[in-house]
Amino acid sequence: MAARILIVEDNPANLELMGFLLRAHGHTVLDALDGERGVQLARTHGPDLILCDIQLPRLDGYGVIRQLRSDAAWRPCPVLAVTAFAMVGDREKMLAAGFDGYLPKPIAPETFVREVETSLPPQLRSCS
């Protein structure tokens with residue numbers, strides 16, 4: 001069984017790479033180029049996991065997580081920040097905002113899917 005994963009990312013190259021890697025492991029990928037669209041797709045399609053950039057047009061990643069976490073139905077859905085913010089304290093700030101985890105950019109293609117899948121239930125993982 002594959003997971004339905006929403007990627008909210010405004011950089012087309014990053015979006016394409018993450019989507020390619022996840023699809024290659026059998027996952028269904030939805031994507032949004034801005035935060036407002038990301039929230040809309042999350043509410044419409046009910047993904048199993050959301051990967052969200054922080055610097056996004058129209059609604060940044062912090063706005064996305066605030067909107068999703070304000071709705072009790074979305075509190076259980078894992079949301080990972082995928083961002084180039086890697087200064088001391090950034091990870092803690094993202095976790096405090098409501099993200100369940102953090103993946104730094106640039107992503108490492110050889111470990112990306114395995115890192116993402118740690119936030120999925122075992123039955124939705126392609127990698128053991």
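Predicted model: local features only at pLDDT ≥ 70, side-chain atom pairs only at ≥ 80, totals over all residues.
Me: How many bridges join strand β3 to strand β4?
Reply: Strand β3 (residues 49-52) and strand β4 (residues 79-83) are joined by 3 bridges and run parallel. Strands pair if DSSP finds at least two bridges between them. Strands (E, at least two residues) and helices (H or I, at least four) are DSSP runs, numbered from the N terminus.

Me: Which residue is the bridge partner of Cys52 in β4?
Reply: Ala81.

Me: And what is the strand order in the sheet?
Reply: The sheet is open, has 5 strands in the order β2-β1-β3-β4-β5, and its pairing is parallel. β2 (28-32) and β5 (101-104) are the edge strands, each pairing on one side only.

Me: Switching to helices. At what angle do α2 and α3 pack?
Reply: Helix α2 (residues 35-45) and helix α3 (residues 61-69) pack at about 25°, axes 9 Å apart. Axes are lines fitted to C-alpha atoms, for helices over the stretch in contact, and angles run from 0 to 180 degrees between N-to-C directions. So α2 is roughly parallel to α3, a label for angles under 35 degrees.

Me: Which residues make the contact?
Reply: Gly35, Val39, Ala42 and Arg43 of α2, with Val64, Gln67 and Leu68 of α3; contact means heavy atoms within 4.5 Å.

Key:
Residues numbered from 1 in each chain as written. Heavy atoms only, no water. Parallel < 35°, antiparallel > 145°, perpendicular 65-115°, else oblique.
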